[in-house]
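Subject: Structure handover

Hi,

Here is the structure for you to look over. My notes follow below it.

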Amino acid sequence: MAASAEPVPALSPLDRAAALDASDPLRAFRDQFVIADPGLVYVDGNSLGRLPKATVERLSRVVEAEWGGELIRAWDHWLDEPARVGDLIAPLIGAAPSQVIVSDSTTVNFYKLAVAALDARPGRRAVITDRDNFPTDRYVLEGLARARDLVIDWLEPDPIDGPTTDAVAAALARHDGDVALVTLTHVNYRSAAIADMAAITQLAHDAGALVLWDLSHSAGAVNVALDEADVDLAVGCTYKFLCGGPGAPAYLYVAGALQDELRNPIQGWFGQRDQFAMAQGYDPAPGIVQWLAGTPGIIALAAVEEGVRLVAEAGIDRIRAKGIALTTFAIELVDTELAPLGFSVGSPRDPAARGAHVAIRHPDAKRLTAALIDGGVVPDFREPDSIRFGMSPLTTTFTEIARGVEQLARLAG
């Protein structure tokens with residue numbers, strides 16, 4: 001009689017992670033980034049992306065050869081940088097050329113586009129957003145509401161799944177033709193829930209409103225289809241998944257069909273037609289260039305360009321696939337290793353509805369986050385109870401996820 005087969009022991013999380021890393025089609029991209037401390041577990045790339053090695057070389061060239069050597073003559077090619085880098089970002093967010101420009105901060109760009117949208121819908125007094133929207137967007141809207149006597153309809157979304165099409169439809173119906181602007185974040189900064197961009201945009205258009213999307217946790221991490229969804233306006237930062245560096249300039253999108261209709265409320269000389277004529281009176285430049293205001297930061301733009309080039313080289317479809325794999329692995333480990341210790345998943349379990357980070361919820365999350373950082377694991381904390389593990393697909397490894405969860409279990413055990 002044949003002996004019964006011995007059971008095959010299950011792989012440990014670290015062994016599983018090693019196998020996933022070995023088969024990762026994007027694994028070579030990590031070598032193109034500065035990894036100053038190989039022992040550090042960095043799972044905060046959704047707040048600040050790692051530094052590309054090419055950026056170090058590029059900034060040296062801009063400072064020494066261009067600023068140092070060309071001096072003011074370098075403006076002959078620097079003038080094109082905001083629009084040129086915008087055109088590099090455009091395919092990553094599903095936009096045709098000449099609809100994206102890079103300059104200013106997300107907050108300033110959000111203000112520009114929100115004011116332009118409100119001005120384009122005179123007589124309408126309602127704005128729809130949600131209480132879980134990113135703070136800077138909410139604060140700008142509160143200021144505009146106070147200055148213009150507007151009403152903000154605050155959606156109260158589920159903390160994990162985010163705003164739904166039904167909630168937006170109900171809010172639009174409540175105001176019956178009085179909504180000027182619907183503005184939401186595409187990927188929620190806390191839970192990573194992905195809003196239904198196409199359906200919500202269509203609802204707003206049916207009600208005669210314009211739509212403004214914040215893509216700060218989307219670009220370079222998930223597929224975005226602005227043109228296909230008929231989106232009017234969008235903003236986003238470049239220092240997360242696009243690896244543009246701390247405080248890097250943001251970008252804005254204005255659909256081509258609206259560029260002759262909408263006006264930039266911050267009328268600076270870089271948005272002026274024939275700016276060096278120094279003419280009396282503001283005459284906006286044609287197209288997307290009118291959305292510039294003051295002098296753009298050339299050194300920072302060069303850093304953005306290098307980060308965007310790496311993302312484009314990898315391809316957003318491959319990046320999205322790895323982001324799903326990383327977050328799925330993280331959720332599996334939360335369920336098996338952390339749930340018995342009082343943790344829960346604060347992000348959608350459906351991969352199609354989840355961006356490239358995972359919220360791990362625990363009543364003592366703030367203290368545990370600080371302890372993780374002290375122990376060489378760097379996530380971040382978001383009120384009230386979420387430890388965010390950000391998975392930057394070009395740099396984050398499955399092994400980092402396993403090690404981070406292992407350390408979290410040790411601290412909570």
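A search of the whole structure, a predicted model, finds six aromatic pairs. Rings of Phe, Tyr and Trp (its six-membered ring) pair if their centres lie within 6.5 Å; planes under 30 degrees apart count as stacked, over 60 as edge-to-face and the rest as tilted.

Take Phe134 and Tyr189. Their ring centres are 5.2 Å apart and the planes stand at 85 degrees, so this pair is edge-to-face. Phe134 sits in the loop between β3 (126-130) and α6 (135-148), and Tyr189 in the loop between β5 (179-185) and α8 (197-206), so the pair ties together parts 55 residues apart in sequence. Helices (H or I, at least four residues) and strands (E, at least two) are DSSP runs, numbered from the N terminus.

Phe134 is partly exposed, at 30% relative accessible area. Tyr189 is buried, at 8%. Buried means under 20% relative accessible area, exposed over 50%, partly exposed in between (1.4 Å probe, protein chains only).

Trp269 and Phe276 are also edge-to-face, because their planes lie at 85 degrees, with ring centres 5.4 Å apart. Trp269 is partly exposed, at 34%. Ring pairs join Trp75, Trp78, Trp269, Phe270 and Phe276 into a cluster.

On the helix side, Val311, Glu313 and Ala314 in α9 meet Ile316, Arg318 and Ile319 in α10. Contact here means heavy atoms within 4.5 Å.

On the numbers: residues count from 1 along each chain as its sequence is written, and side-chain values use heavy atoms, without hydrogens or water. Local features need pLDDT of at least 70, side-chain atom pairs count only at pLDDT 80 or more, and totals for chains, interfaces and linings use all residues.

Best wishes
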